[in-house]
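Hello,

Here is the structure I promised to pass on to you. Have a look at it first, and then read my notes below.

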Amino acid sequence: MSKASVILYITVGILVLFLVSYSPKKNSDHDHHHHGGGHGQHHRLKLRSSFNFKPTRHDPIPFDPLVADMERRREDKEWERQHIDHSHPELATHDPAPGHESQPEWEDFMDAEDYLNDEEKFNVTDRLISLFPKLDVSPTDGFVTESELTEWNMQSSAKEVMHRTQRDMDVHDRNKDGFISFSEYEPPSWVRNSGNDSFGYNMGWWKEEHFNASDANGDGLLNLTEFNDFLHPADTKNHELLLWLCKEEVRERDSDKDGKIGFEEFYHGLFDTVRNYEEDNHNATHPYHDLPEDPAKQLFSQLDKDGDGYLSDVELLPIISKIHPTEHYYAKQQADYIISQADSDKDGRLTLAEMIEHPYVFYSAIFNEDDSDDDYGFHDEFR
(Lines give C-alpha, C1' and ligand atoms only; values in the text may rest on other atoms or scores of the structure.)
Protein backbone atom coordinates (compact mmCIF):
# COMPACT_ATOMS: atom_id res chain seq x y z
CA MET A 1 0.00 0.00 0.00
CA SER A 2 1.36 3.49 -0.88
CA LYS A 3 2.32 6.05 1.74
CA ALA A 4 -0.49 8.29 0.56
CA SER A 5 -3.03 5.49 1.04
CA VAL A 6 -1.79 4.84 4.56
CA ILE A 7 -2.11 8.53 5.44
CA LEU A 8 -5.60 8.59 3.89
CA TYR A 9 -6.81 5.64 5.97
CA ILE A 10 -5.28 7.00 9.18
CA THR A 11 -6.94 10.38 8.58
CA VAL A 12 -10.33 8.82 7.81
CA GLY A 13 -10.02 6.50 10.79
CA ILE A 14 -9.26 9.37 13.19
CA LEU A 15 -12.17 11.38 11.80
CA VAL A 16 -14.60 8.46 12.14
CA LEU A 17 -13.45 7.70 15.69
CA PHE A 18 -13.90 11.38 16.56
CA LEU A 19 -17.42 11.42 15.15
CA VAL A 20 -18.33 8.20 16.92
CA SER A 21 -16.90 9.40 20.24
CA TYR A 22 -18.67 12.75 20.20
CA SER A 23 -21.92 11.92 18.47
CA PRO A 24 -25.03 12.36 20.67
CA LYS A 25 -26.63 9.28 22.13
CA LYS A 26 -29.47 7.91 20.06
CA ASN A 27 -32.83 8.23 21.73
CA SER A 28 -34.91 5.67 19.90
CA ASP A 29 -34.52 1.95 19.60
CA HIS A 30 -34.77 2.34 15.83
CA ASP A 31 -31.76 4.68 15.74
CA HIS A 32 -29.83 2.40 18.03
CA HIS A 33 -30.42 -0.56 15.75
CA HIS A 34 -29.31 1.22 12.63
CA HIS A 35 -26.49 3.49 13.74
CA GLY A 36 -24.84 2.15 16.85
CA GLY A 37 -21.24 0.91 16.66
CA GLY A 38 -21.85 -1.00 19.87
CA HIS A 39 -24.59 -3.46 20.58
CA GLY A 40 -26.38 -2.53 23.75
CA GLN A 41 -29.07 -4.56 25.43
CA HIS A 42 -31.31 -4.66 22.34
CA HIS A 43 -28.86 -6.43 20.09
CA ARG A 44 -26.99 -9.28 21.62
CA LEU A 45 -24.69 -10.78 19.03
CA LYS A 46 -25.17 -14.50 18.58
CA LEU A 47 -23.03 -17.20 17.02
CA ARG A 48 -24.34 -20.03 14.88
CA SER A 49 -25.27 -22.96 17.10
CA SER A 50 -26.59 -25.50 14.58
CA PHE A 51 -24.31 -27.03 11.97
CA ASN A 52 -24.94 -28.94 8.76
CA PHE A 53 -22.04 -31.21 7.82
CA LYS A 54 -23.21 -32.14 4.33
CA PRO A 55 -20.64 -31.10 1.69
CA THR A 56 -23.33 -29.65 -0.59
CA ARG A 57 -24.39 -27.00 1.91
CA HIS A 58 -23.81 -23.30 1.26
CA ASP A 59 -24.03 -21.40 4.51
CA PRO A 60 -23.08 -17.73 4.20
CA ILE A 61 -19.57 -17.12 5.50
CA PRO A 62 -19.41 -14.46 8.25
CA PHE A 63 -18.10 -11.17 6.92
CA ASP A 64 -15.68 -10.71 9.81
CA PRO A 65 -12.79 -13.26 9.94
CA LEU A 66 -12.83 -13.08 13.74
CA VAL A 67 -16.46 -14.19 13.84
CA ALA A 68 -15.70 -16.85 11.23
CA ASP A 69 -12.91 -18.18 13.44
CA MET A 70 -15.25 -18.39 16.42
CA GLU A 71 -17.88 -20.26 14.43
CA ARG A 72 -15.26 -22.56 12.90
CA ARG A 73 -14.04 -23.63 16.33
CA ARG A 74 -17.58 -24.13 17.55
CA GLU A 75 -18.28 -26.23 14.48
CA ASP A 76 -15.10 -28.27 15.04
CA LYS A 77 -16.21 -29.16 18.54
CA GLU A 78 -19.66 -30.25 17.34
CA TRP A 79 -18.12 -32.17 14.47
CA GLU A 80 -15.77 -33.98 16.85
CA ARG A 81 -18.70 -34.87 19.05
CA GLN A 82 -20.74 -36.29 16.17
CA HIS A 83 -18.06 -37.88 13.98
CA ILE A 84 -15.24 -38.83 16.30
CA ASP A 85 -16.84 -39.62 19.64
CA HIS A 86 -19.62 -41.63 17.94
CA SER A 87 -18.15 -43.01 14.72
CA HIS A 88 -14.48 -43.23 15.70
CA PRO A 89 -14.23 -43.53 19.49
CA GLU A 90 -10.62 -44.65 19.16
CA LEU A 91 -9.77 -41.11 17.99
CA ALA A 92 -11.67 -39.29 20.71
CA THR A 93 -8.58 -38.60 22.79
CA HIS A 94 -6.52 -37.31 19.87
CA ASP A 95 -5.62 -33.67 19.26
CA PRO A 96 -8.43 -31.27 18.37
CA ALA A 97 -9.44 -30.75 14.78
CA PRO A 98 -7.11 -28.60 12.66
CA GLY A 99 -7.30 -24.85 13.05
CA HIS A 100 -6.49 -24.60 16.75
CA GLU A 101 -3.05 -23.08 16.26
CA SER A 102 -3.29 -20.39 18.91
CA GLN A 103 -5.34 -19.23 21.86
CA PRO A 104 -7.06 -16.01 20.75
CA GLU A 105 -8.11 -13.39 23.24
CA TRP A 106 -11.78 -14.39 23.07
CA GLU A 107 -11.02 -17.86 24.41
CA ASP A 108 -10.32 -16.28 27.79
CA PHE A 109 -14.08 -15.82 28.05
CA MET A 110 -16.33 -18.62 29.29
CA ASP A 111 -18.41 -18.15 26.14
CA ALA A 112 -17.30 -16.53 22.87
CA GLU A 113 -20.61 -14.69 22.70
CA ASP A 114 -19.70 -12.90 25.92
CA TYR A 115 -16.61 -11.59 24.14
CA LEU A 116 -18.67 -10.42 21.16
CA ASN A 117 -20.95 -8.49 23.48
CA ASP A 118 -18.19 -6.84 25.52
CA GLU A 119 -17.89 -3.43 23.83
CA GLU A 120 -14.43 -2.91 25.27
CA LYS A 121 -13.27 -6.05 23.46
CA PHE A 122 -15.40 -6.15 20.31
CA ASN A 123 -16.84 -3.03 18.71
CA VAL A 124 -18.50 -3.31 15.31
CA THR A 125 -17.44 0.17 14.18
CA ASP A 126 -13.81 -0.46 15.11
CA ARG A 127 -13.89 -3.78 13.28
CA LEU A 128 -15.25 -2.21 10.09
CA ILE A 129 -12.56 0.50 10.22
CA SER A 130 -9.84 -2.13 10.54
CA LEU A 131 -11.26 -4.40 7.81
CA PHE A 132 -12.00 -1.73 5.20
CA PRO A 133 -8.39 -1.43 3.90
CA LYS A 134 -8.26 -5.22 3.47
CA LEU A 135 -11.26 -5.10 1.13
CA ASP A 136 -10.34 -1.93 -0.75
CA VAL A 137 -7.44 -3.37 -2.77
CA SER A 138 -8.34 -3.44 -6.50
CA PRO A 139 -7.65 -0.55 -6.69
CA THR A 140 -7.07 1.17 -3.36
CA ASP A 141 -9.38 4.11 -3.98
CA GLY A 142 -11.53 4.55 -0.87
CA PHE A 143 -14.39 2.42 -2.24
CA VAL A 144 -15.35 -1.25 -1.93
CA THR A 145 -16.83 -2.54 -5.16
CA GLU A 146 -18.90 -5.64 -5.84
CA SER A 147 -15.88 -7.45 -7.28
CA GLU A 148 -13.73 -6.59 -4.24
CA LEU A 149 -16.43 -7.78 -1.86
CA THR A 150 -16.99 -10.94 -3.92
CA GLU A 151 -13.27 -11.70 -3.80
CA TRP A 152 -13.27 -11.14 -0.03
CA ASN A 153 -16.15 -13.59 0.33
CA MET A 154 -14.40 -16.07 -1.98
CA GLN A 155 -11.21 -16.00 0.09
CA SER A 156 -13.18 -16.54 3.29
CA SER A 157 -15.21 -19.34 1.71
CA ALA A 158 -12.13 -21.09 0.31
CA LYS A 159 -10.56 -21.08 3.77
CA GLU A 160 -13.67 -22.59 5.34
CA VAL A 161 -14.08 -25.23 2.64
CA MET A 162 -10.46 -26.35 2.79
CA HIS A 163 -10.58 -26.47 6.58
CA ARG A 164 -13.53 -28.85 6.46
CA THR A 165 -11.87 -30.95 3.75
CA GLN A 166 -8.70 -31.28 5.84
CA ARG A 167 -10.83 -32.22 8.84
CA ASP A 168 -12.55 -34.98 6.88
CA MET A 169 -9.27 -36.17 5.41
CA ASP A 170 -7.67 -36.51 8.83
CA VAL A 171 -10.40 -38.96 9.81
CA HIS A 172 -10.57 -41.02 6.61
CA ASP A 173 -6.83 -41.21 5.95
CA ARG A 174 -6.42 -44.21 8.21
CA ASN A 175 -2.80 -45.01 7.38
CA LYS A 176 -1.84 -41.32 7.69
CA ASP A 177 0.03 -41.18 4.38
CA GLY A 178 -1.61 -37.93 3.28
CA PHE A 179 -3.81 -39.66 0.70
CA ILE A 180 -7.19 -41.38 0.64
CA SER A 181 -7.82 -44.63 -1.21
CA PHE A 182 -11.30 -45.78 -2.12
CA SER A 183 -11.04 -48.61 0.39
CA GLU A 184 -10.19 -46.11 3.14
CA TYR A 185 -13.13 -43.90 2.37
CA GLU A 186 -16.59 -44.62 3.72
CA PRO A 187 -19.72 -42.50 3.55
CA PRO A 188 -20.31 -40.26 6.57
CA SER A 189 -22.95 -41.33 9.06
CA TRP A 190 -25.56 -38.90 7.72
CA VAL A 191 -25.42 -40.77 4.38
CA ARG A 192 -25.44 -44.24 5.90
CA ASN A 193 -28.40 -43.37 8.10
CA SER A 194 -30.49 -41.55 5.50
CA GLY A 195 -31.49 -44.51 3.36
CA ASN A 196 -31.35 -45.08 -0.37
CA ASP A 197 -33.65 -42.15 -1.14
CA SER A 198 -31.03 -39.61 -0.10
CA PHE A 199 -29.37 -37.17 -2.49
CA GLY A 200 -26.01 -38.88 -1.93
CA TYR A 201 -27.13 -42.30 -3.12
CA ASN A 202 -29.30 -41.03 -5.95
CA MET A 203 -26.41 -39.00 -7.30
CA GLY A 204 -23.86 -41.77 -6.89
CA TRP A 205 -22.04 -39.42 -4.53
CA TRP A 206 -20.17 -42.13 -2.67
CA LYS A 207 -19.63 -44.51 -5.60
CA GLU A 208 -16.29 -45.54 -7.11
CA GLU A 209 -17.01 -43.73 -10.37
CA HIS A 210 -17.12 -40.46 -8.46
CA PHE A 211 -13.86 -41.32 -6.69
CA ASN A 212 -12.11 -42.18 -9.96
CA ALA A 213 -13.31 -39.00 -11.66
CA SER A 214 -11.86 -37.01 -8.76
CA ASP A 215 -8.49 -38.77 -9.12
CA ALA A 216 -7.05 -36.25 -11.60
CA ASN A 217 -3.58 -37.80 -11.83
CA GLY A 218 -4.91 -41.36 -12.01
CA ASP A 219 -2.73 -42.79 -9.24
CA GLY A 220 -5.64 -44.47 -7.44
CA LEU A 221 -5.38 -42.08 -4.47
CA LEU A 222 -6.86 -38.69 -3.65
CA ASN A 223 -4.54 -35.97 -2.39
CA LEU A 224 -5.96 -32.99 -0.50
CA THR A 225 -6.84 -31.02 -3.65
CA GLU A 226 -8.47 -34.04 -5.31
CA PHE A 227 -10.35 -34.91 -2.14
CA ASN A 228 -11.58 -31.32 -1.94
CA ASP A 229 -12.83 -31.66 -5.52
CA PHE A 230 -14.47 -34.97 -4.59
CA LEU A 231 -16.43 -33.22 -1.83
CA HIS A 232 -17.12 -30.06 -3.90
CA PRO A 233 -17.28 -31.10 -7.57
CA ALA A 234 -19.10 -27.96 -8.71
CA ASP A 235 -15.96 -25.90 -8.05
CA THR A 236 -13.47 -28.21 -9.73
CA LYS A 237 -11.36 -27.43 -12.80
CA ASN A 238 -11.17 -31.18 -13.47
CA HIS A 239 -13.05 -31.83 -16.72
CA GLU A 240 -13.63 -35.51 -15.92
CA LEU A 241 -15.26 -34.62 -12.62
CA LEU A 242 -17.52 -32.05 -14.25
CA LEU A 243 -18.47 -34.68 -16.81
CA TRP A 244 -19.26 -37.09 -13.97
CA LEU A 245 -21.54 -34.43 -12.50
CA CYS A 246 -23.31 -34.20 -15.87
CA LYS A 247 -23.67 -38.00 -16.02
CA GLU A 248 -25.22 -38.02 -12.57
CA GLU A 249 -27.60 -35.29 -13.64
CA VAL A 250 -28.70 -37.43 -16.61
CA ARG A 251 -29.24 -40.41 -14.28
CA GLU A 252 -31.23 -38.26 -11.88
CA ARG A 253 -33.47 -36.70 -14.56
CA ASP A 254 -33.78 -39.67 -16.93
CA SER A 255 -37.25 -40.82 -15.90
CA ASP A 256 -37.67 -43.31 -18.78
CA LYS A 257 -34.15 -44.73 -18.21
CA ASP A 258 -33.02 -44.50 -21.82
CA GLY A 259 -29.67 -42.95 -20.82
CA LYS A 260 -30.38 -39.46 -22.12
CA ILE A 261 -32.66 -36.50 -21.48
CA GLY A 262 -35.60 -35.80 -23.77
CA PHE A 263 -37.33 -32.46 -23.99
CA GLU A 264 -40.07 -33.30 -21.47
CA GLU A 265 -37.46 -34.46 -18.94
CA PHE A 266 -35.49 -31.27 -19.58
CA TYR A 267 -38.53 -29.01 -19.35
CA HIS A 268 -39.81 -30.47 -16.07
CA GLY A 269 -36.84 -29.65 -13.86
CA LEU A 270 -33.61 -28.60 -15.55
CA PHE A 271 -35.02 -25.65 -17.47
CA ASP A 272 -36.56 -24.13 -14.33
CA THR A 273 -33.26 -24.63 -12.48
CA VAL A 274 -31.34 -22.76 -15.18
CA ARG A 275 -33.93 -19.98 -15.37
CA ASN A 276 -33.97 -19.56 -11.58
CA TYR A 277 -30.19 -19.33 -11.55
CA GLU A 278 -30.28 -16.51 -14.07
CA GLU A 279 -33.03 -14.67 -12.23
CA ASP A 280 -31.01 -14.87 -9.00
CA ASN A 281 -27.85 -13.78 -10.79
CA HIS A 282 -29.52 -10.50 -11.64
CA ASN A 283 -26.42 -8.65 -12.86
CA ALA A 284 -25.68 -11.24 -15.54
CA THR A 285 -27.11 -11.36 -19.02
CA HIS A 286 -30.12 -13.58 -19.59
CA PRO A 287 -29.64 -15.05 -23.07
CA TYR A 288 -32.61 -17.39 -22.74
CA HIS A 289 -35.11 -14.82 -21.50
CA ASP A 290 -34.98 -12.62 -24.59
CA LEU A 291 -35.65 -15.41 -27.03
CA PRO A 292 -38.96 -15.61 -28.87
CA GLU A 293 -41.77 -17.78 -27.58
CA ASP A 294 -40.99 -21.11 -26.04
CA PRO A 295 -37.53 -20.34 -24.59
CA ALA A 296 -37.27 -23.87 -23.19
CA LYS A 297 -37.29 -25.36 -26.69
CA GLN A 298 -34.82 -22.71 -27.83
CA LEU A 299 -32.37 -23.57 -25.08
CA PHE A 300 -32.85 -27.30 -25.61
CA SER A 301 -32.08 -26.84 -29.30
CA GLN A 302 -28.94 -24.82 -28.51
CA LEU A 303 -27.65 -27.54 -26.19
CA ASP A 304 -28.55 -30.44 -28.52
CA LYS A 305 -25.41 -30.11 -30.64
CA ASP A 306 -25.89 -33.34 -32.61
CA GLY A 307 -29.55 -32.57 -33.26
CA ASP A 308 -30.80 -36.01 -32.22
CA GLY A 309 -33.59 -34.60 -30.03
CA TYR A 310 -31.91 -35.65 -26.76
CA LEU A 311 -29.32 -34.21 -24.39
CA SER A 312 -26.30 -36.33 -23.50
CA ASP A 313 -24.02 -35.80 -20.51
CA VAL A 314 -21.51 -33.88 -22.65
CA GLU A 315 -24.25 -31.62 -23.95
CA LEU A 316 -25.11 -30.59 -20.38
CA LEU A 317 -21.61 -29.19 -19.76
CA PRO A 318 -22.50 -25.60 -20.86
CA ILE A 319 -25.16 -25.35 -18.12
CA ILE A 320 -23.73 -27.57 -15.36
CA SER A 321 -22.52 -24.53 -13.38
CA LYS A 322 -26.10 -23.23 -13.39
CA ILE A 323 -27.49 -26.55 -12.20
CA HIS A 324 -24.78 -26.81 -9.52
CA PRO A 325 -23.66 -23.24 -8.74
CA THR A 326 -20.05 -22.63 -7.73
CA GLU A 327 -18.79 -20.90 -4.60
CA HIS A 328 -18.20 -17.79 -6.70
CA TYR A 329 -21.93 -17.62 -7.43
CA TYR A 330 -22.76 -17.64 -3.71
CA ALA A 331 -19.96 -15.17 -2.90
CA LYS A 332 -21.28 -12.75 -5.52
CA GLN A 333 -24.85 -13.22 -4.32
CA GLN A 334 -23.76 -12.34 -0.80
CA ALA A 335 -21.81 -9.30 -2.06
CA ASP A 336 -24.80 -8.08 -4.10
CA TYR A 337 -27.04 -8.34 -1.05
CA ILE A 338 -24.64 -6.40 1.18
CA ILE A 339 -24.21 -3.61 -1.36
CA SER A 340 -27.96 -3.38 -1.98
CA GLN A 341 -28.53 -2.85 1.74
CA ALA A 342 -25.60 -0.54 2.62
CA ASP A 343 -25.10 1.55 -0.53
CA SER A 344 -26.86 4.74 0.59
CA ASP A 345 -26.08 6.84 -2.48
CA LYS A 346 -26.77 3.94 -4.88
CA ASP A 347 -23.53 4.32 -6.82
CA GLY A 348 -22.89 0.58 -6.72
CA ARG A 349 -19.99 0.69 -4.26
CA LEU A 350 -19.42 1.24 -0.56
CA THR A 351 -17.49 3.86 1.36
CA LEU A 352 -16.25 3.32 4.90
CA ALA A 353 -18.88 5.79 6.09
CA GLU A 354 -21.66 3.77 4.43
CA MET A 355 -20.39 0.57 6.03
CA ILE A 356 -20.31 2.18 9.48
CA GLU A 357 -23.77 3.62 8.89
CA HIS A 358 -25.14 0.10 8.21
CA PRO A 359 -23.26 -2.24 10.57
CA TYR A 360 -26.21 -4.61 10.85
CA VAL A 361 -25.76 -5.60 7.18
CA PHE A 362 -22.28 -6.98 7.90
CA TYR A 363 -23.06 -8.54 11.27
CA SER A 364 -26.72 -9.45 10.72
CA ALA A 365 -25.92 -13.16 10.53
CA ILE A 366 -25.06 -13.03 14.23
CA PHE A 367 -27.72 -10.61 15.45
CA ASN A 368 -30.34 -12.27 17.59
CA GLU A 369 -33.48 -11.91 15.48
CA ASP A 370 -35.68 -12.41 18.55
CA ASP A 371 -34.52 -9.03 19.89
CA SER A 372 -35.71 -6.95 16.97
CA ASP A 373 -38.72 -6.44 14.76
CA ASP A 374 -36.43 -5.55 11.87
CA ASP A 375 -35.30 -8.21 9.42
CA TYR A 376 -31.63 -8.84 10.02
CA GLY A 377 -31.97 -12.42 8.81
CA PHE A 378 -28.98 -12.38 6.46
CA HIS A 379 -28.86 -16.18 6.41
CA ASP A 380 -32.36 -16.42 5.03
CA GLU A 381 -31.24 -14.80 1.79
CA PHE A 382 -29.05 -17.75 0.89
CA ARG A 383 -30.82 -20.93 2.01
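Which residues does UniProt list for "domain: EF-hand"? The unreviewed entry gives residues 208-237, 254-276, 291-326 and 330-365; UniProt positions are in the numbering used here, feature names are shortened, and annotations may be inferred rather than shown by experiment.

Two notes on the source before we go on. Residues are numbered from 1 along each chain as its sequence is written, and side-chain values use heavy atoms, with hydrogens and water left out. This is a predicted model, where local features need pLDDT of at least 70 and side-chain atom pairs count only at pLDDT 80 or more, while totals for chains, interfaces and linings use all residues.

Let's start with the listed spans. Residues 208-237 are 50% helix and 0% strand, with end C-alpha atoms 20 Å apart. For residues 254-276 the figures are 61% helix, 0% strand and 21 Å. Helices (H or I, at least four residues) and strands (E, at least two) are DSSP runs, numbered from the N terminus.

Threonine 225 sits in helix α10 (residues 224-231). Its relative accessibility is 53%, so threonine 225 counts as exposed (buried means under 20% relative accessible area, exposed over 50%, partly exposed in between, with a 1.4 Å probe and protein chains only). From threonine 225 to glutamine 166 is 59 residues in sequence, but 9.7 Å in space, C-alpha to C-alpha.

Next, a helix pair. α5 and helix α6 (residues 146-172) pack at about 100°, with axes 10 Å apart (axes are lines fitted to C-alpha atoms, for helices over the stretch in contact, and angles run from 0 to 180 degrees between N-to-C directions). That angle makes α5 roughly perpendicular to α6 (under 35 degrees is roughly parallel, over 145 roughly antiparallel, 65 to 115 roughly perpendicular and the rest oblique). Leu131, Lys134 and Leu135 of α5 meet Glu148, Leu149 and Trp152 of α6, where contact means heavy atoms within 4.5 Å.

Finally, some backbone features. Most residues other than glycine have a negative phi, and most peptide bonds are trans. Serine 138 and proline 139 are joined by a cis peptide bond, with omega about 0°, and proline 139 lies in the loop between α5 and β1 (144-145). Lysine 257, which is not glycine, has a positive phi near 60°. This lysine 257 is in the loop between α11 (239-253) and α12 (263-280), and is exposed at 63% relative accessible area.

Happy exploring!
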